[in-house]
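Subject: Structure handover

Hello,

Here is the structure I promised to pass on. Please open it and keep it beside this email as you read.

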Amino acid sequence: MGPASAPPAPRSPAPLPVPPLSRRAPAAAMAEGSGGAASGRGPPCPGAAAALRRWEQLRRRAATPWARGLLAAAAALGLLYAVLRVPLRLRDGLAAVTMFLSTLTPKFYFALTVTSSFISGLIFVFEWWHFRKYGTSFIEQVSVSHLRPLIGGAESSPPAPAAFSAGENDTSRQNMPECKVWRNPLNLFRGAEYSRYMWVTGKEPLTYYDMNLSAQDHQTFFTCDTDALRPSDTVMQKAWRERNPQARIKAAYQALELNNDCATAYVLLAEEEATTIVDAEKYFKQALKAGEMIYRKSQNCHSQSPQHEAQLRRDTNVLVYVKRRLAMCARKLGRIREAVKMMRDLMKEFPLLSMLNIHENLLEALLELQAYADVQAVLAKYDDISLPKSAAICYTAALLKARAVSERWVFPFRFSPETASRRGLSTAEINAVEAIHRAVEFNPHVPKYLLEMKSLVLPPEHILKRGDSEAVAYAFFHLQHWKRIEGALNLLHCTWEGTFHEVSVYPQKELPFFIHFTAGLCSFSAMLALLTHQFPELMVIFAKAVLRLLWPVSAPSVLASS
């Protein structure tokens, strides 16, 4: 066979005749145009165009009123079928569930109740542990934190620690709640007092929470938006955020190298590096010199911009803080009259800064001088019903009333409820007892510390009004003043023991609801498990009776067959 011959070259097809231009539906034309553009081919075949035309005709017919009525009738029939069909399926489902439950053995019920009791017991133990450690219910906390926002509830934020600023006044003070965290007006020095306790005992005198609040206070009081313009203040911004005390002290020295008149650097060194009150006073005097110079400059330009106003507030806070701590240094070093004068001058110079509670420092110094008339004058100004109370105000007022009683006693007379019931109470004694009642109602933790039923510890840097921390802070500084007045502690003991001894548990925390609920569920499940184990046949009859109550329609016939 010879070689295959090459196939003939294909001939090009004859061109099709172009149909005449006709009116087509706009949708068909758009479909053809889009299809052609997408595929890169010519116009579609006549079959596709015909299908599109038929679709357009059906769409126009469906828009007619009779077609809409037909569709509505079909939808109604479908809904009626679903309504009639669902109960039948539910009936069959209930019958199947009832049949399944009726065939269960007593062992299954025993295992079910034991498992339920075990799980509810674990939840109860965890809830109890969480409440004992954190004081709240875990289930309630999760529901408030995660479930309430989902259902549209608003979560109330906890109150922030009390701060002071140059813009605060007595009106804002009146609107603040009593039970919140405040900075302790008599807080000790970290380097000269707290650190010495740690060196001797090896124990931390402050909690991490307390120190964290102090760090927030320092950043609020001693920094502002314009610190970035001054290198020394920029360094101090980082220093207040440092957790390591040595790193803070190192940063303070760096700030002084950049600016020898950096007042906040001297404040940090006085608080944390000085190991004695004398050294702290030297640093504070340098801070006062630098702070007064900066404060005068800020006063001259504070109206130029909001940034300058913020800087003036910061400089005011620094100046007031330094003067107050200098007065406290004088009080600790025995120069009490000088301390009283400095506190009075500070309160006159900045009368709007009542948030600082400088009057509590003044009360303690005046009590040390035994200037009881001056103490009464201070109480008359600040022991007002419109102002937030404190343990220092309430118990100092009670102390003065007790002193008025002791002046009328003929010693060695001792006040006792039996003697008072026999002879009756005098007017001074009634006033003293009422003042003690008022003080104990405000903070019932204080008497145990004043009566030395509980040992004192170093006071924290922040206190909770009406709480145990405020009681510690008050008793730490004022116990000596109560001991100085003969019979005052005896009157406090008799009044407190006879009236408040059993109820002095403020703030008492009740057990959360879910602890009661899980405990009840655990007990009930355990009881069912015990009964199922002891009387299996009776518990099966009980379970069938419950089924008859739950499904009265389908249960009787099914249970009868079983």
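Start with Glu368. Its relative accessible area is 22%, so Glu368 is partly exposed. Keep in mind that this is a predicted model.

Glu368 forms a salt bridge with Arg331, at 3.6 Å from N to O. Glu368 sits in helix H15 (residues 358–369) and Arg331 in helix H13 (residues 306–332), so the pair ties together parts that are 37 residues apart in sequence. Arg331 has 17% relative accessibility and counts as buried, because the cut-off for buried is under 20%.

Glu368 also forms a salt bridge with Arg484. Here the closest N and O atoms are 3.5 Å apart. This pair links distant parts of the chain: Glu368 is in helix H15 and Arg484 in helix H21 (residues 468–484), 116 residues apart. Arg484 is partly exposed, at 31% relative accessibility.

Now look at another salt bridge, between Lys341 and Asp345. Their closest N and O atoms are 2.9 Å apart. Why are the two separated by about one helical turn? Lys341 and Asp345 are four residues apart in helix H14 (residues 336–349). Lys341 is exposed, at 53% relative accessibility. Asp345 is partly exposed, at 34%.

How many salt bridges does a search of the whole structure find? The search finds 20. There is also a network of salt bridges, which links Asp227, Arg230, Asp233, Arg314 and Asp315.

Next, the inside. The largest nonpolar core has 96 residues. Met236, Phe284 and Trp482 are among those with the most contacts inside this core. Helix H17 (residues 391–406) gives the largest share of the core, 11 residues. Another core, of five residues, lies apart from it; Leu186 and Phe477 are among its members.

Asp217 is a polar residue to check. Asp217 lies in helix H8 (residues 208–221). Its relative accessible area is 5%, so Asp217 is buried. Its side chain makes a polar contact of 3.3 Å with the side chain of Arg183. Beyond its neighbours within four places in sequence, Asp217 is in contact with Arg183 and His462.

Last, the surface. Phe524, Met527, Leu531, Phe535, Leu538 and Ile541 form a nonpolar patch there. Together they have about 590 Å² of accessible area. Helices H23 (513–534) and H24 (536–550) each supply at least two of the patch residues. H23 gives the most, with three. Ile541 is in helix H24, and at 54% relative accessibility Ile541 counts as exposed.

Best wishes

Terms used
Residues are numbered from 1 along each chain as its sequence is written. This is a predicted model: local features need pLDDT of at least 70, side-chain atom pairs count only at pLDDT 80 or more; totals for chains, interfaces and linings use all residues. Side-chain values use heavy atoms; hydrogens and water are left out. Buried means under 20% relative accessible area, exposed over 50%, partly exposed in between (1.4 Å probe, protein chains only). A polar contact is a pair of N or O atoms within 3.5 Å; within protein, one must be able to donate a hydrogen and the other to accept it, and residues adjacent in sequence count only if both atoms are side-chain atoms. Contact means heavy atoms within 4.5 Å. Patches are made of residues with over 30% relative accessible area and no salt bridge: like charges are joined within 9 Å, nonpolar side chains (Val, Leu, Ile, Met, Phe, Trp, Tyr) within 5 Å. Accessible areas come from the Shrake-Rupley method with a 1.4 Å probe; for residues, only the protein chains shown count as cover. A salt bridge is a side-chain nitrogen of Lys or Arg within 4 Å of a carboxyl oxygen of Asp or Glu. A nonpolar core is a set of buried Ala, Val, Leu, Ile, Met, Phe, Trp, Tyr and Cys residues joined through side-chain atoms within 4.5 Å.
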